[in-house]
Amino acid sequence: MRRPLIAANWKMFPLPEGALDNDSPYRERGDMDIVVFPTFLDIKECIHARLITGGQTGHNEPSGAHTGDVSMQHLADAGCRYVLCGHSERRAEHGETDEMVAAQVIAALESRMHPIVCVGETAAERKAGTQHAVIERQMSGLPLASDLTVAYEPVWAISGGDTSTKAATPEDAEEMHAFIRSLLPEEKREATRILYGGSVKPENAAALFAQPDIDGGLVGAASLDPAAFQSIVEAASA
Ligand code: PGA
């Protein structure tokens, strides 16, 4: 049995109301891992409040002349335990390539953080029927024998903050998750968690998490609403 993991990706938004309170739904529970991904500026406050915290990206070099960047090592030194690598918004807006993402994953592991590597096809790629080839390419350079988590995030299902966007159906998501699992080395196939991301909300969380190869969620828009996030957590617990 894989322990569920629910990740709250707060992107470039302020901390949700009450996020740091003692009874906040963003706190770790006995039956699953809950991790928050605030902006770089809010990371230390979250760690101080004892939330399990991660960075939304990190530079692979430990330090250097890279204006505007924060390194994996900095994140680890600040107390981050997780980091997102290769989120589709980073790939699209900051030109992160598969090679850059792989270098980040390696650096994160060297800094003793747990990488959550995001993969997923665009709408055009799915329309062309190339989704499996895209995922295979995105995963090909990754150190898949290491301890990491994969997040399947079809780009067409990511809300961009618009909560009316449609998630993948549980069946379509499961088909891709099973495919991703088949790409993992045999010794890691059972243990590695694969999260679904892209318009996870209270209404669809239970059906998604009931799929055998979906081990939790990477939640954007709905994670900014504490009540919605709480329901998603409950769905993962059921
Ligand atoms: P969403 O975002 O839940 O708002 O679709 C998910 C993500 O981008 O990680």
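I looked for the largest cavity, and it is the space taken by the ligand. For this, a cavity is a set of points, on a 1 Å grid over the protein atoms alone, where a 1.4 Å probe fits but cannot get out. A molecule sits in one if more than half of its atoms lie within 2 Å of its grid points.

A note on sources: this is a predicted model, where local features need pLDDT of at least 70, side-chain atom pairs count only at pLDDT 80 or more, and totals for chains, interfaces and linings use all residues. Residues are numbered from 1 along each chain as its sequence is written, and side-chain values use heavy atoms, with hydrogens and water left out.

Next I checked who surrounds the ligand: 13 residues (a heavy atom within 4 Å), with K11, H87, E153, S159 and S199 the closest.

Then I went through polar contacts, meaning pairs of N or O atoms within 3.5 Å. S159 has a side-chain N or O atom 2.4 Å from a ligand oxygen. For K11, a polar side-chain atom is 2.7 Å from an oxygen of the ligand. S199 uses a backbone N or O atom, 2.8 Å from a ligand oxygen. The protein covers 100% of the 280 Å² of accessible area that the ligand has on its own (Shrake-Rupley, 1.4 Å probe).

Last, the sheet. I found eight strands (DSSP E runs of at least two residues) in an open, parallel sheet, ordered β2-β1-β8-β7-β6-β5-β4-β3. Strands pair here if DSSP finds at least two bridges between them. β2 (33–37) and β3 (54–55) each have a single partner strand, so one side of each lacks a neighbour in the sheet.

Key. A polar contact is a pair of N or O atoms within 3.5 Å; within protein, one must be able to donate a hydrogen and the other to accept it, and residues adjacent in sequence count only if both atoms are side-chain atoms. On a 1 Å grid over the protein atoms alone, a cavity is a set of points where a 1.4 Å probe fits but cannot get out, and a pocket is an open set with protein on both sides within 12 Å along at least five of seven lines; lining residues have an atom within 4 Å of a point. Helices (H or I, at least four residues) and strands (E, at least two) are DSSP runs, numbered from the N terminus.
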